[in-house]
Amino acid sequence: AEIYGSEAIVYNGSKAPPDLYIDLIVNNKLKPGMGSGYAYGKGVYTTYNLPGTATAGGTYGSFVYKLKVNLYGFISFNPDITKKIYGEDLAPSKQYEKIYGKRDYIFKGLMDLESRERFSQFSSDLADPASRFLRGIVKGLIFTGRNDGDVAVIYDPSTIVPIAWKKTEDSSWS
């Protein structure tokens with residue numbers, strides 16, 4: 001994973017050409033959710049492990065953007081990533097409490113989800129129902145999904161800094 005403490009390098013597939021996409025990010029005009037799907041809410045859907053993903057293969061568009069993002073304020077459903085961001089393996093409710101306080105229904109909702117037994121290797125099983133009340137409240141979510149692997153959904157585009165881009169069929173970055 002390309003996550004170093006609370007900083008990460010993530011990749012986003014898009015149909016938008018670089019002059020438009022980068023301008024939207026740099027000028028804080030990016031409106032998450034204007035793309036094709038948003039199962040976890042309106043956000044910028046990225047992966048932090050690019051090789052072999054649908055993003056790398058061009059499923060989400062012919063351009064791949066390499067982005068730097070600050071993950072502090074994201075809720076992570078992957079213990080190894082949580083430890084990198086927050087210095088310890090905190091349950092999602094404890095991450096939320098540390099950053100945002102015990103905001104009534106959100107904290108309680110996370111606690112209720114955590115109390116359910118989970119046997120899946122996919123943290124998306126917990127992130128999916130949690131996203132229904134976290135979207136737009138936290139900066140983003142981190143989880144492992146059945147189809148897209150290691151995912152960071154970014155709700156707050158101000159956390160994004162563009163680094164490079166390439167066409168999906170190219171091997172080098174611009």
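**Exercise 1. Aromatic rings and the charges over them**

Task: How many aromatic pairs does the structure hold, and which residues do ring pairs link into a cluster?

Solution. The structure holds 7 aromatic pairs. Here, rings of Phe, Tyr and Trp (its six-membered ring) pair if their centres lie within 6.5 Å; planes under 30 degrees apart count as stacked, over 60 as edge-to-face and the rest as tilted. Before going on, please note that this is a predicted model, where local features need pLDDT of at least 70, side-chain atom pairs count only at pLDDT 80 or more, and totals for chains, interfaces and linings use all residues. Residues are numbered from 1 along each chain as its sequence is written, and side-chain values use heavy atoms, with hydrogens and water left out.

Step 1: find the cluster. Tyr21, Phe63, Tyr65 and Trp165 are linked by ring pairs.

Step 2: look for charges over rings. A charge sits over a ring if NZ of Lys or CZ of Arg is within 6 Å of the ring centre and within 35 degrees of the ring normal. Lys167 places its charged end over the ring of Phe63, 4.6 Å from the centre. Lys66 does likewise over the ring of Trp173, at 5.6 Å from the centre.

**Exercise 2. The nonpolar cores**

Task: Which residues have the most contacts inside the largest nonpolar core, and which element gives the most to this core?

Solution. A nonpolar core is a set of buried Ala, Val, Leu, Ile, Met, Phe, Trp, Tyr and Cys residues joined through side-chain atoms within 4.5 Å. Buried means under 20% relative accessible area, exposed over 50%, and partly exposed in between (1.4 Å probe, protein chains only).

Step 1: find the centre of contacts. The largest core has 23 residues, and Val10, Leu71 and Ile142 have the most contacts inside it.

Step 2: trace the suppliers. Helices (H or I, at least four residues) and strands (E, at least two) are DSSP runs, numbered from the N terminus. At least two core residues come from each of strand 2 (7-14), helix 1 (18-26), strand 4 (63-70), helix 3 (79-86) and strand 7 (149-154). Strand 4 gives the most, with 4 residues.

Step 3: zoom in on Ile142. Contact means heavy atoms within 4.5 Å. Beyond its neighbours within four places in sequence, Ile142 touches residues including Tyr48, Leu71, Phe74, Ile81, Ile85 and Val151.

Step 4: check for another core. A second, separate core has 18 residues, among them Leu110, Leu113, Leu141 and Val153.

**Exercise 3. Salt bridges**

Task: How many salt bridges does the count come to, and where in the chain do Asp125 and Arg146 lie?

Solution. Step 1: a salt bridge is a side-chain nitrogen of Lys or Arg within 4 Å of a carboxyl oxygen of Asp or Glu. The count comes to 4 salt bridges.

Step 1: Asp125 and Arg146 meet in one of them, at 2.7 Å from N to O. This pair links distant parts of the chain, with Asp125 in helix 6 (residues 124-134) and Arg146 in the loop between strand 6 (140-145) and strand 7, 21 residues apart. Asp125 is partly exposed at 22%, while Arg146 is exposed at 52%.

Step 2: Lys94 and Glu97 form a bridge, with the closest N and O atoms 3.5 Å apart. The two lie 3 residues apart in helix 4 (residues 92-100), which means a separation of about one helical turn.

Step 3: Asp128 and Arg132 also pair, at 3.3 Å from N to O. They are 4 residues apart in helix 6, so about one helical turn separates them.
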